[in-house]
Amino acid sequence: MAKVDLWFVMSLIAILALGIVMVASASISVSESIHNTPYFFMGRQILYLILGVSFGFMMLQIPTQNLQKWGILLMLLSLVLLVLVLVPGIGKTVNGSRRWINLIVFNLQASEVAKVCMVVYVSGYLVRRAERVRENLIGFALPLFLTSLFLIFLLMEPDFGASVVLIGTVIALLFIGGAPVYQFIAIVIMAVLVMAGLALSESYRVKRLMNFVDPWADPFNDGYQLSQALIAYGRGEWFGLGLGNSVQKLSYLPEAHTDFVFSIWVEEMGLLGGVVLLSLFALMLSRIFKIGHRALMGARPFAGYMCFGFAILILAQVIINVGVNTGFLPTKGLTLPLISYGGSSLIITLGSLFVVARVDIENKLASKGGESEERKRKSDESIDDGEALA
């Protein structure tokens, strides 16, 4: 079997290793207070990593052609999960949001499944309806209509952050698939206006916007979380306090091991550490985009679109999480992929990345097959020329 892109694999391993280290460090205080042991969350994260890698190897065995055939089914399945999570007795509520389904081993976050399944569905749609997307407004609007159904259920949880990531990824895929620029711009403007309206429709979202603008106006109440995150950055300076030496993780910064783990990382490893981590993400994502581009150039559009979609999902979450941590964006409940504590995000993200690895393998096998056919053709031509000369 062909080997997977080395830089992609090495950057992924490095990010996963840093994730385990940071969950162990950032969760010590909360783990000790809740479970009377400092490494409870680290142990769980290692379990999630094992499950994620196992799930990933299962996905690695599935040809991308099968995923293309299952696209509609996967989309419907994820929609059912979004409905089930809202059913009392099935959906689990945490911090006022009903986003999880208890699977005993871990809590499945339906939105994580929905984002990945929609990428698979839209990638297949762009192949099946390529001309309609490029030439017909209805072809462009249909996947957006389906996405709006997903957004309704996501906002009922509520999960505003996942809604932004999902609609942004679908619009980006449609643009990559060849949708006219004027339609793309119109939809982007419309989406921004709708999301802005939704953000202002709830009082708690308005408070978050106000706190984002000036967290120091109320640093001990509504602006507490962001102000504590900014203090972490100030402590970290250029080179950090040293691994394990964070002060903010000692019950000062809420959600230090989940949504705000990047703040703890920078406090302990400094601005330099933050740049290193973001550089690893940039390297991994650049390799995914390259794998997707190779698939497109090799006349395998579904695989290419799917790689682009998975990369955009991760990129959007990294931008939003880091933006929230640094105070450039309003506070949203989005984790840092592969780094923050959480079973659903880690397992589903690893599953999608192993699909990328499968695409890379298929790219190389297809390339070798093409080279063999080319050599055979040239050999046949040389034989024909020899016979002609004879």
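Author: Gladly! Let us start with Phe40, which has a relative accessible area of 30%. This is a predicted model, where local features need pLDDT of at least 70, side-chain atom pairs count only at pLDDT 80 or more, and totals for chains, interfaces and linings use all residues. Residues are numbered from 1 along each chain as its sequence is written, and side-chain values use heavy atoms, with hydrogens and water left out.

Reader: Why is Phe40 called partly exposed?

Author: Buried means under 20% relative accessible area, exposed means over 50%, and partly exposed is in between (1.4 Å probe, protein chains only). Phe40 has 30%, so it is partly exposed.

Reader: And what makes Phe41 buried?

Author: Its relative accessible area is 9%, so Phe41 counts as buried.

Reader: What makes Phe41 and Tyr341 an edge-to-face pair?

Author: Rings of Phe, Tyr and Trp (its six-membered ring) pair if their centres lie within 6.5 Å; planes under 30 degrees apart are stacked, over 60 edge-to-face, and the rest tilted. The centres of the Phe41 and Tyr341 rings are 4.9 Å apart and their planes stand at 80°, so this pair is edge-to-face. Phe41 lies in helix α3 (residues 40-60) and Tyr341 in the loop between α14 and α15 (343-389), 300 residues apart, so the pair links distant parts of the chain. Helices here are DSSP runs (H or I, at least four residues), numbered from the N terminus.

Reader: Which residues form one aromatic cluster with Phe41?

Author: The cluster consists of Phe40, Phe41, Tyr48 and Tyr341.

Reader: Now the helices: why is α9 called oblique to α14?

Author: Helix α9 (residues 160-176) and helix α14 (residues 301-326) pack at about 140°, with their axes 9 Å apart. Axes are lines fitted to C-alpha atoms over the stretch in contact, and angles run from 0 to 180 degrees between N-to-C directions. Under 35 degrees is roughly parallel, over 145 roughly antiparallel, 65 to 115 roughly perpendicular, and the rest oblique. The angle of about 140° therefore makes α9 oblique to α14.

Reader: How do you know that α12 and α14 are roughly perpendicular?

Author: Helix α12 (residues 224-236) packs against α14 at about 90°, with the axes 8 Å apart. That angle is why the two helices are called roughly perpendicular to each other. Leu226, Ala229, Leu230 and Tyr233 of α12 make the contact (heavy atoms within 4.5 Å) with Val324, Asn325 and Thr326 of α14.
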